[in-house]
Every structure is written in structure tokens, then in C-alpha cells.
Amino acid sequence: MISSQIDSKIGEREFELISNQEHMEEVWKVIRPRLEEYANNYLEGVSHYKDLPSPGDSFSAFLVEMIRKNDKAHDKYFEIFDMECMGEYADDTEGFKSYTLKKDCDIIRKTLQSRSEALGEWKKKFFGCKSQQLYDTFYNMLNFAIEYDEEMDEDSLAEVDAIDDIGFAQMSEDACYQSGVLGFGIVSNILNHMYPRVFPGNYKAGIYSLHFLTGQGKGINMPSDSSEFLMVKDDFYSKTGIIETEHNYYFPYETYGLYSLRIFRFLEEKIKTRFQKGFPNDYRYLLTNDFYDYVTSIHRSDIVTLCGNDDLLKFKTIW
């Protein structure tokens, strides 16, 4: 997508497309054959993890380490966002913002500490956001997560194969986001650490990965001919002197969720075949997190070319 076109008819049409099931299926047809190669290479690396005696041993060690890395954030988020604590925060929302979020919540603390030029606008919005709004959004988000985790059991999840089925669109209806402040990236990061069985995380790397998995360098049936997984910042001044891009931070979480679920299922089947072991469902989206890290790691030096628009032939990715 192209930033300057967001409020135009082109932008409006593209926002419709990225939430449309038929469009997603067209994109999936492009991704699916390329996913085969990426998945095989990724799991080949897993089979040599720590160079243990057998691929099965390497997979087991890989899984233990993956879970261990998530444990610290998982436990911390459950400690600070326990619903009893949330009830106490209601009496001091300023403290919730200035201490719990700014100092205890890792994703927000690290984002505030980042020196990235691209995050300047986000920081202004965070500091300017009323503490009550932040508290209300977190309360809604956490309450939704508890109910969703209980209701979306494995039998229900096995039946999900459409954007509407996954149920994440309800998060917007339930005010689980705060525009410009608590978006898909931050919300999914927290929920993924807390409930990796049902909430995909690694949103930024995941969106980039979906772009690379299309192998197109441009959009698939997108009116602007730009990738739906990228945001070309043609109306943003950059110190680099060239037009830059980021992941498409407007990409809907429900669509991202379905892509991630399908990719997990694909990887899961390959794991069963290669290692004769299943992947534990309780940690489902830790696997996709790691896979997305793999995909982006091999593309970090890429210079992306936007085709079909002579004014935007060069822009570089921000990692």
C-alpha cells in the first residue's frame, strides 16, 4: 500500500481487499508453493540444532529452548496483567500508564526506548493518550483474550479456515485497540506471549515474511500495484533521502491470524513427517514466530523495488 493513497478511493478499495476471503485465497495460491521451499530450509536448520546425535534430538532441544525463551515474558505479563491487578489499576490509571506500561510492559518500554525515527509519531501519541483510555483498552483486550482462549478449543480451531471464522475481527468491536497507540503489533505481542496457543505474534516480521513469501515485489491484484504487506511512505520525509517502507501496520489482525494458522498447519505436517513428532498445540504460534524470524533474516539486505510506478522505483526496508 502507498501512504499518500490511504484516504483515496484506491486506498479504500485496498483496505477492502486485505480483509476479503477471495482475495486472500488468490494471495495464498502464490504463497503456497514458495512456502514449501522456505519451510524445508527452515526445518533443515532445526534438524541440526546444536548438532545433536539425531534430527529428533535436535528438534526436541529446539522446542525446549523455544518454550524457555517465552516463559519469562509469559510469566511477567500474567503477573502484571492479572485481572485482579487490573481491578486495582482502575483506581490509579495514571500509575498504570507511567509505571506498569512504561516500565513493566516490555514491548512498550522497549518501543519507548527505541531511537528509530519511524517511532517518533507513535511516542507522541502514547504520551498524549489519556491514561483512562489506555487502561480501558488493556482491560478490554485482556478480557477478550480470556474468553477467546476458553471458547476457541482445539476442535473449534480445527474448523477455522476463513477470516470470519477466526474471530479476531471482534477485537475491534470490543475496543481492544487504541488508534495510533495500541495497534496490532503491540496487542498481538502481549497476547502471543500470554496465550501462544491461540494468538499469533511477531506481527512486524510476520507481515514482512508474507511479502517475501509472495515473491512478487509488488501487489497481487492491488489497484496501486504495491504489496499489501508493505507501507510505502512516499509522503514521509526521511533522513536517507529516499522513499522508505515499513510493514503494513494497518494489515488486519484477523487476516494475519488466518495466514499464520495455515502456515502453522503446513509446518506441523512437515514436522510430523521429518521428525516423527508432533508440535504441542499449546505453543502453536511460537513456531510461526520463529519461522517468521527465519524468513526475514534471509532477506534483511534486500532492496525492494516497487513495480508499476515510475515515481517510486526505489525504497528500502527498515528492520
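**A short tour, strand pair to core**

Start by selecting residues 230-233, strand S1, together with residues 243-247, strand S2: the two run antiparallel and are joined by four bridges. Keep in mind as you go that this is a predicted model.

Within this pair, pick out valine 232 and look across to S2, where threonine 245 stands opposite. Now show the side chains of S1. In a regular strand, side chains alternate between the two faces of the sheet. Here, Leu230 and Val232 lie on one side and Met231 and Lys233 on the other, and all are buried, so both faces of S1 are covered.

Next, move to the largest nonpolar core, which has 93 residues. Select Tyr42, Phe81, Ile108, Phe138, Met171, Phe199 and Phe291, the members that touch the most others.

What is it in contact with, leaving aside neighbours within four places in sequence? Show Met86, Phe96, Thr100, Leu101, Cys105, Phe138, Leu142, Ile190 and Met194 to see those partners of phenylalanine 81.

Two loop stops remain. Most residues other than glycine have a negative phi. Asparagine 202, however, has a positive phi of about 50°. Find asparagine 202 in the loop between helix H12 (184-194) and helix H13 (203-214); it is partly exposed, at 23% relative accessibility.

Finish at glutamine 276, in the loop between H14 and helix H15 (284-297). Glutamine 276 also has a positive phi, of about 55°, and is exposed, with a relative accessible area of 63%.

Technical notes:
Residues numbered from 1 in each chain as written. Predicted model: local features only at pLDDT ≥ 70, side-chain atom pairs only at ≥ 80, totals over all residues. Heavy atoms only, no water. Core = buried A, V, L, I, M, F, W, Y, C linked by side-chain atoms within 4.5 Å. Buried < 20%, exposed > 50% of the residue type's maximum accessible area, 1.4 Å probe, protein only. Contact = heavy atoms within 4.5 Å. Pairing = 2+ DSSP bridges.
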